[in-house]
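Good morning, colleagues. May I ask you to look at the structure on the screen while I go through its helix packing, its chains and its domains.

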Amino acid sequence: MSGRFPRRLPRHLTGRILGTALLLLGALVVLAPFLWMLSVSLKPADEIFTSDVHLIPNRIAWENYVTAVTTVPLGRFLLNGVIVCGGILVFQILFTVPCAYALAQRSFPGRSLLFGCVLAGLLVPFHVTAIPIFIGLAKLRLLDSYTALILPFIGSVFGIFLFRQFFARLPTALFDAARVDGLSEAAIVWRIALPLAWPAATAFAVFSVTAHWNDLFWPLVATTSPEIATPPRGILYFRDEEAGTDLGPLMAGATLVTAPLVILFLLAQRTFMRGVASGGLRG
Amino acid sequence: MMAPISRAWREGLTDLYLVGPTVLVLAALVFVPVLIVFVLSFTDYQLGDRSVTFVGFDQYVALFTDPIGRRAITNTLIYVAVMVPSSILLALLVATRLHGMAQWSPGLSRFLRAAYFLPVAATLVAMALAWQMMLHPSIGIVNMTLVRLGLPAPAWFSDRGLVIYTLALIGIWQTIGYNMVLFLAGLAVIPRHLYDAAEVDGVSSAWSRFWTVTWPMLGPTTLFVAVITATAGFRVFETVAALTGGGPAFASDTLVYALYREGFVYFKVGYASAITVVFFVFVALLTFIQYGLLQKRVHYR
């Protein structure tokens, strides 16, 4: 566009330079907590508590990371995060995909009522259901267990909605052909529908895993034992420990807790952004 | 005559095993709990009580007359009122710039996009601790810089008048990237020819192009972004729980944190249920406003 109006070029260029400079400055502010966290996690104590501000440590203090993983069972927290997020995701797929397939590609009495309920369910934040679910788990003596962390999330209204929208766009003829070939409906769901819905499935997986890896509310409510703490809950145990006032190890711990999802994001940015943005549909 | 009946039965059974388990799960984990929380909000039930007494609207009256309860509501509203417009405005600025930049420097545009999005992917509780360290009153890098510049050094988390704005600041930081992605998606579908038409009509500066084409075309996206951000704002919990515990003196107490404290620390289930219902009403209202506005005002193609 610069070729057509050479007279305007300088103004465009100054605008572009100014805009880019502001964007870079903004990005620096957004990245500052990450950079500073990483910097402090690698600094020895005497470099942290000083008025001399510098980003790169004079001496790299790897021992902060050793302190972090030995003061509290940080490895255990991360493993708990994997178990809880993995468990939730597996159950969510098991429950939502067949239901979404039936809603999109089959007709049965009460189908529109069920879909209406799904849409209504999208309105309900988890916090609204927390008290009754907590009481129910307490009565079943299931609190403070992996079950308590996984069970409340096994049915995802949002998952049903997302998969249903995807399946509804697939041609009915495709599924009819599979039926003519003698496939059972269960086989159609798992061997045809789910593989076709891979983009929806990865988006949903990213959404689900980020939501539950980062959640603090429910682990705080439903668990009291550090042995089953998820990463966000665990890092607060660390902070509240005696050693938690040591900023170096604390930031090393925070870095280790943040790292898995950040690395996952950097490896699969496009999928990640689509997945997290799809969560917006929950409105 | 037998065959079609048994076939209908088979089909019915298939529907049942595809849909049935999920219906039960949703009923048990979403719909019944919502009903229960409404009922509990009209009782004075405390965890461990053997019987339940209905007290009508007493819990709601208590919530709206108790200074601490009102504090939680006004704090949440302040948080939303500060966080939502700032986050949307900044995300819009970043997205329009990055959208243009994608044409002359796709690499830099992608890098900046990832940078702004990073807080969305990061674990908020861990990053809250990083913010706590940066905003430490004496040894935090922010205040050290301010002092060096001869500016006052605020007590970000212990100043009662300031703490909710500090949390809103972290909220803005955390949501810009998310909203930027939604705006970029909205910008990507604005047809190129609208800009050409505007150019023909004499709209030449970037500023007027934005107001004649981009802004009206982004109407639905902006509304969507506003509702999502506001919903996230009403849900603020992680930063409060990790950094302030609602303090000092309830100056950063919010609805979800109050619901957590009253329900799961003090086990005042009836009162916490009333807080839950008020929270739910705020969130549901947002969605209804969104539908209402979509019907009426916003340009939609």
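Predicted model: local features only at pLDDT ≥ 70, side-chain atom pairs only at ≥ 80, totals over all residues.

The crossing of α3(B) and α10(B) is right-handed, where right-handed denotes that the near helix is turned clockwise from the far one by less than a right angle, and left-handed that it is turned anticlockwise. Helix α3 spans residues 67–104 of chain B and helix α10 residues 219–234 of chain B; their axes lie 9 Å apart, at an angle of about 145 degrees. Axes here are lines fitted to C-alpha atoms over the stretch in contact, with angles running from 0 to 180 degrees between N-to-C directions. Helices are DSSP runs of H or I with at least four residues, strands are runs of E with at least two, and both are numbered from the N terminus.

Residues are numbered from 1 along each chain as its sequence is written, while chains are lettered from A and ligands numbered from 1 in the order in which they are written.

Which residues meet in this packing of α3(B) with α10(B)? On α3(B) they include B:T76, B:Y79 and B:M83, and on α10(B) they include B:T222, B:V225 and B:F234. Contact requires C-beta atoms, placed from the backbone, within 7 Å. The residues of this contact divide into nine nonpolar, five polar and no charged. Nonpolar covers Ala, Val, Leu, Ile, Met, Phe, Trp, Tyr, Cys and Pro; charged covers Asp, Glu, Lys and Arg; the others, Gly among them, are polar.

I turn to the two chains. In the interface, 70 residues of chain B are in contact with 69 residues of chain A. Helix α1 of chain B, residues 2–40, gives the most to chain B's side, with 16 residues. That side comprises 58 nonpolar, eight polar and four charged residues.

Chain A itself has 15 helices and zero strands. Its domain assignment, from an automatic or database source, gives domain 1 (6–64) and domain 2 (67–282). The C-alpha centres of these two domains of chain A lie 34 Å apart. Between them, 11 residues of domain 1 of chain A are in contact with 10 residues of domain 2 of chain A. On the domain 1 side, α1(A) gives the most, with four residues.

Finally, the C-alpha atoms of chain A fill a box of roughly 75 × 70 × 35 Å, taken along the principal axes.

Notes:
Contact = placed C-beta atoms within 7 Å.
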